[in-house]
Amino acid sequence: MTAPGEILPPDERVGLLSPSEHRIAEAAARGERNREIARAQFVTIKTVEFHLGNIYRKLGIRSRAELAAILDVVPDAAS
């Protein structure tokens, strides 16, 4: 348990993600585009964008590169 305002380590912050957010985060970290993620998850692109906003806020990040680093995912070279 942390005090209010205290920043959690990255591995604990990842635990704050819902299962849907985690699936979308993994896909985004691999370098998949929002359209590809939406198609694979059977959701709209707007839903992917909404989840990514929540993911970035919960993890305290601003880019997919930071997301890949926190999730320890190597982006696909083809993306």
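Asp72 is placed in the segment after helix 5 (helices, H or I of at least four residues, and strands, E of at least two, are DSSP runs numbered from the N terminus). This is a predicted model, in which local features need pLDDT of at least 70 and side-chain atom pairs count only at pLDDT 80 or more, while totals for chains, interfaces and linings use all residues. Residues are numbered from 1 along each chain as its sequence is written, and side-chain values use heavy atoms, with hydrogens and water left out. The secondary structure of the chain comprises five helices and zero strands.

**Fold and confidence**

- From the N terminus on, the order of elements in the chain is α-α-α-α-α.
- The chain has a mean pLDDT of 89, with 86% of its residues at 70 or more (pLDDT is the predictor's confidence in each residue, from 0 to 100).
- Among the elements of the chain, the lowest mean pLDDT, 78, belongs to helix 1 (residues 10-14), and the highest, 98, belongs to helix 3 (residues 34-41).
- Where pLDDT is low, the predicted coordinates should not be read in detail.
- Of the 79 residues in the chain, 33% are buried (buried means under 20% relative accessible area, exposed over 50%, and partly exposed in between, with a 1.4 Å probe and protein chains only).
- Of the contacts in the chain between residues at least 6 apart in sequence, 61% join residues at least 24 apart (contact means heavy atoms within 4.5 Å).

**Packing of helix 3 with helix 4**

- Helix 3 packs with helix 4 at an angle of about 105°, and their axes are 8 Å apart (axes are lines fitted to C-alpha atoms, for helices over the stretch in contact, and angles run from 0 to 180 degrees between N-to-C directions).
- The two helices, helix 3 and helix 4, are therefore roughly perpendicular to each other (angles under 35 degrees count as roughly parallel, over 145 as roughly antiparallel, 65 to 115 as roughly perpendicular and the rest as oblique).
- Helix 3 contributes Asn34, Arg35, Ile37 and Ala38 to the contact, and helix 4 contributes Ile45, Val48, Glu49 and Leu52.
- By class, the residues in the contact of helix 3 with helix 4 are five nonpolar, one polar and two charged (Ala, Val, Leu, Ile, Met, Phe, Trp, Tyr, Cys and Pro count as nonpolar, Asp, Glu, Lys and Arg as charged, and the others, Gly among them, as polar).
- Apart from neighbours within four places in sequence, Asn34 is in contact with Ile45, Val48, Glu49, Leu52 and Arg64.

**Packing of helix 4 with helix 5**

- Helix 4 (residues 45-59) and helix 5 (residues 64-71) have axes 11 Å apart and pack at an angle of about 60°.
- That angle makes helix 4 oblique to helix 5.
- The crossing of helix 4 past helix 5 is left-handed (the near helix is turned anticlockwise from the far one by less than a right angle; clockwise would be right-handed).
- From helix 4, Leu52, Ile55, Tyr56 and Leu59 meet Arg64, Leu67 and Ile70 of helix 5.
- The contact of helix 4 with helix 5 holds six nonpolar residues, no polar residues and one charged residue.

**Buried residues**

- Glu21 lies in helix 2 (residues 19-29) and counts as buried, at 5% relative accessibility.
- Beyond neighbours within four places in sequence, Glu21 is in contact with Leu16, His51, Asn54, Ile55 and Lys58.
- His51 is located in helix 4 and is buried, with a relative accessible area of 16%.
- Not counting residues up to four places away in sequence, His51 touches Ser20, Glu21 and Ile24.
- Ala68, in helix 5, counts as buried at 7% relative accessibility.
- Ala68 and Arg30 are 38 residues apart along the chain, and their C-alpha atoms are separated by 7.0 Å.
- Ala68 also touches Ala29, Val73 and Pro75, residues up to four places away in sequence not being counted.

**Exposed residues with positive phi**

- Phe42 sits in the loop between helix 3 and helix 4 and counts as exposed, at 78% relative accessibility.
- The phi of Phe42 is near 60°, a positive value in a residue other than glycine.
- Asp72 is exposed, with a relative accessible area of 70%.
- Although Asp72 is not a glycine, it has a positive phi of about 55°.
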